[in-house]
Amino acid sequence: MPQPPAARSRALHRGARTDETSEAVRRTSLPGGLRVVTEYIPSVRSASVGVWVGVGSRDEGRSVAGAAHFLEHLLFKSTPTRTAVQIAQAVDAVGGELNAFTAREHTCYYAHVLDTDLELAVDLVADVVLRGRCAADDVEVERDVVLEEIAMRDDDPEDTLGDVFLSAMFGEHPVGRPVIGSVDSVSTMTRGQLHSFHVRRYIPERMVVAVAGNVEHDEVIALVREHFGSRLMRGPCSRRSALRSTCWAAFPGSPH
């Protein structure tokens, strides 16, 4: 039976709160509200890393319907240190998977790798979620991709029927609108609207980092602290102060 990863135990810093839910599942709340949940599965030699953001299509106004899904596409295009090609090559080089999906109440970014590549997985997912850029050129490229996905959805009777049913049930409420948005909203959405959606809503208190596999909880906490860095603010933290943190320096022109 595979053994746990080599212990690189680092003491939890002051300010973190750990809740022992079972021997296999552990939960820690970090400063700033970020929650980390791990499940130790000794029978595998892999690790799954997911950042679950409590933001989905129900958080959108009509003029930006589809913004959560559009943003999910954009964040993979580039970060301050990686291009889209470099992001793909990094995960392909270890035989892993990196992907994301958007729902009505959350967006999830995840990676599947061997347990020995856990640090790379946390690094890649954090880089995309926290530092993905909304470059103007990328917005136009992904706009065409999303519009093509809408056309494909319209050609799928099952998907179309599901959207019609939810629209009839919830009416004008955002839950009643398609996660993918509409041709009108996606065609007119601006880079500024998408950037603002990212900056204002992707904050630690809305995030859960979930890691399962042949992993050690304390090692995961250390990696999350390393790659989430200054997002883990200590003490009371207002949304305004979070927006003004230097952690947003990678996004010039951020609205305040």
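**Note on the predicted model**

1. Trp52, Phe101 and Tyr110 together make up one aromatic cluster.

2. In total, the structure contains four aromatic pairs. One of the ring pairings to consider is that of Phe101 with Tyr110: the ring centres lie 6.2 Å apart and the planes stand at 50°, so this pair is classed as tilted. An angle under 30 degrees would have counted as stacked, and one over 60 as edge-to-face.

3. Phe101 has a relative accessible area of 32% and is partly exposed, whereas Tyr110, with 18% relative accessibility, counts as buried. The cut-off for buried is under 20%.

4. As to the chain overall, the protein chain comprises nine helices and seven strands. Its length is 256 residues, of which 46% count as buried. Among contacts in the protein chain with a separation of 6 or more, 78% join residues 24 or more positions apart.

5. The crossing of α1 past α4 is right-handed.

6. The residues that meet between these helices can be listed by side. From α1 they are His69, Phe70, His73 and Leu74; from α4 they are Asp138, Val139, Glu142, Arg143, Val145, Val146 and Glu149.

Notes
Residues are numbered from 1 along each chain as its sequence is written. This is a predicted model: local features need pLDDT of at least 70, side-chain atom pairs count only at pLDDT 80 or more; totals for chains, interfaces and linings use all residues. Side-chain values use heavy atoms; hydrogens and water are left out. Rings of Phe, Tyr and Trp (its six-membered ring) pair if their centres lie within 6.5 Å; planes under 30 degrees apart count as stacked, over 60 as edge-to-face and the rest as tilted. Buried means under 20% relative accessible area, exposed over 50%, partly exposed in between (1.4 Å probe, protein chains only). Helices (H or I, at least four residues) and strands (E, at least two) are DSSP runs, numbered from the N terminus. Contact means heavy atoms within 4.5 Å. A crossing is left-handed if the near helix is turned anticlockwise from the far one by less than a right angle, and right-handed if clockwise.
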